[in-house]
Amino acid sequence: MDTAIVATPVDFAVYGEYGGSMTAPKGKTFQRPTYPFQDRVGGERFPAEPGRYRLYASYACPWAQRSLIVRRLKGLEKVISVAIVDPVRDGRGWAFREGPGHGPDEVGGFALLRELYEATEPGYDGHISVPVLWDTATRRIVSNHFPDITPDLNARFNAWAEHDVELYPEHARAEIDRLNERVYAAVNNGVYKCGFAPGQDAYDSAVAELFAALDELEGLLADRRFLTGDHVTEADVRLWVTLVRFDTVYFTHFKTNLRRLADYPNLWGYTRDLYALPAFRETTDFDHIRRHYYITHGNLNPRRIVPAGPLPDFDAPHDRARLSGGGPDAPVLSRRSGT
């Protein structure tokens with residue numbers, strides 16, 4: 001591209017708020033919008049090829065960060081390109097602008113993420129979400145269904161991956177699936193059910209479910225380093241993206257303030273343990289996270305003031321390595337050929 005195309009600046013007065021689909025009628029519980037593009041990489045339509053696919057993501061969004069973490073863990077940076085959106089969105093949705101940690105979409109040439117959706121389905125009027133896996137050959141969305149994107153990154157591009165890493169080992173799949181189901185309903189989506197609760201009863205139910213799940217996970221992590229044992233799996237990636245935002249944003253913004261993450265010794269140590277890995281640390285941008293939630297959600301924060309804190313010390317020492325069966329120097333990532 002000769003000239004980078006970018007969206008005009010965020011303007012709530014002109015374009016309004018984004019996220020009407022994130023609220024629920026009074027008396028009903030929060031319902032996450034549908035994700036209609038659910039193709040998978042592999043097969044004749046979307047074959048696995050290096051350089052063909054592009055990941056559209058946001059450092060602010062936990063669902064998108066999952067994809068960024070897996071891409072980094074697998075060593076797919078040269079295989080799948082990435083475009084990062086502006087963390088602040090008005091009524092037009094996610095957009096590409098110059099700024100710290102984000103910029104123009106120099107491959108697709110889009111100014112607004114909705115243009116990808118409209119290129120795939122003309123007249124599309126549904127929810128505009130990240131992550132999006134985009135096929136540059138057909139200029140169509142492969143998937144915006146976030147539960148499918150990370151498994152495809154884990155399994156479909158191994159021929160070109162720089163790291164021999166397996167995040168869904170066969171021996172642990174039943175436990176990973178069970179944990180993912182529980183964590184998604186009560187924790188990943190649970191914080192949103194608290195934040196966007198339409199009434200007191202819905203909030204009370206969601207916050208009770210959330211902290212019951214955190215209490216369970218605290219117990220589980222008392223005698224194992226990661227959720228399924230000695231190695232990082234898909235389950236850890238899915239849980240962690242909520243934990244790293246918990247005290248920084250959700251505790252205040254979504255009213256998940258029964259307890260802090262820092263009040264859970266095992267969960268807090270576990271979060272710091274994973275943060276020490278480059279794939280987790282380097283895809284975490286607290287500036288994007290804080291500005292996205294506090295500025296974008298005007299219905300929750302009408303004055304759009306971004307608070308100065310809290311500032312948890314994710315670099316504080318922890319002793320989680322003592323729980324590794326192979327000792328403190330044992331590898332934390334499972335190899336594809338082993339366990």
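Predicted model: local features only at pLDDT ≥ 70, side-chain atom pairs only at ≥ 80, totals over all residues.
Student: Let me start with strand 1. Is it buried or exposed?

Tutor: Look at each residue's relative accessible area; under 20% counts as buried. In strand 1, residues 53-57, five of the five residues are buried, so the strand is largely enclosed by the rest of the structure.

Student: Which way do the side chains of strand 1 point?

Tutor: In a regular strand, side chains alternate between the two faces of the sheet. Here Tyr53, Leu55 and Ala57 point one way. Arg54 and Tyr56 point the other way. All of them are buried.

Student: Which strands pair with strand 1, and in what sense?

Tutor: Strand 3, residues 132-135, runs antiparallel to strand 1, with four bridges joining them. Leu55 has Leu133 as its bridge partner there. Strand 2 pairs with strand 1 in the parallel sense, also over four bridges. On that side, Ala57 partners Ile84.

Student: Now a helix. How many residues of helix 9 are buried?

Tutor: Ten of its eleven residues, which span 265-275. The buried ones include Trp268, Tyr270, Arg272 and Asp273.

Student: What covers the buried residues of helix 9?

Tutor: The cover includes helix 7 (200-220), helix 8 (234-253), helix 10 (278-281) and helix 11 (286-296).

Student: Next, the annotated position. Which residue does the "binding site" annotation cover?

Tutor: Trp94, according to an unreviewed UniProt entry. Treat that with care, because such annotations may be inferred rather than shown by experiment. In the model, Trp94 sits in the loop between strand 2 (81-84) and helix 3 (114-120). Trp94 is buried, at 3% relative accessible area. Its contacts beyond four places in sequence include Ser58, Asp86, Arg89, Ile128 and His292.

Student: Arg89 is on that list. What is the nearest side chain of opposite charge to Arg89?

Tutor: Glu17, at 8.4 Å. A salt bridge needs the nitrogen and oxygen within 4 Å. Arg89 is buried yet has no salt bridge. Arg89 lies in the loop between strand 2 and helix 3. Among its contacts are Phe12, Tyr18, Trp94 and His292.

Student: How many salt bridges does the structure hold?

Tutor: The total is 25. One of them joins the side chains of Asp152 and Arg40, at 2.9 Å from N to O. That pair links distant parts of the chain: Asp152 is in helix 4, Arg40 is in the loop between helix 1 (12-15) and strand 1, and they are 112 residues apart. Asp152 is buried at 3% relative accessibility, whereas Arg40 is partly exposed at 34%. Arg40, Asp148, Asp152 and Arg156 form a network of salt bridges.

Student: What does the salt bridge of Arg259 and Asp215 tie together?

Tutor: Begin with the gap: the closest N and O atoms are 3.2 Å apart. Arg259 lies in the loop between helix 8 and helix 9 and Asp215 in helix 7, so the pair ties together parts 44 residues apart in sequence. Arg259 is partly exposed at 26%, and Asp215 is partly exposed at 38%.

Definitions and conventions: Residues numbered from 1 in each chain as written. Heavy atoms only, no water. Helix = DSSP H or I, 4+ residues; strand = E, 2+ residues; numbered from the N terminus. Buried < 20%, exposed > 50% of the residue type's maximum accessible area, 1.4 Å probe, protein only. Contact = heavy atoms within 4.5 Å. Lys, Arg positive; Asp, Glu negative; His and termini not counted. Pairing = 2+ DSSP bridges.
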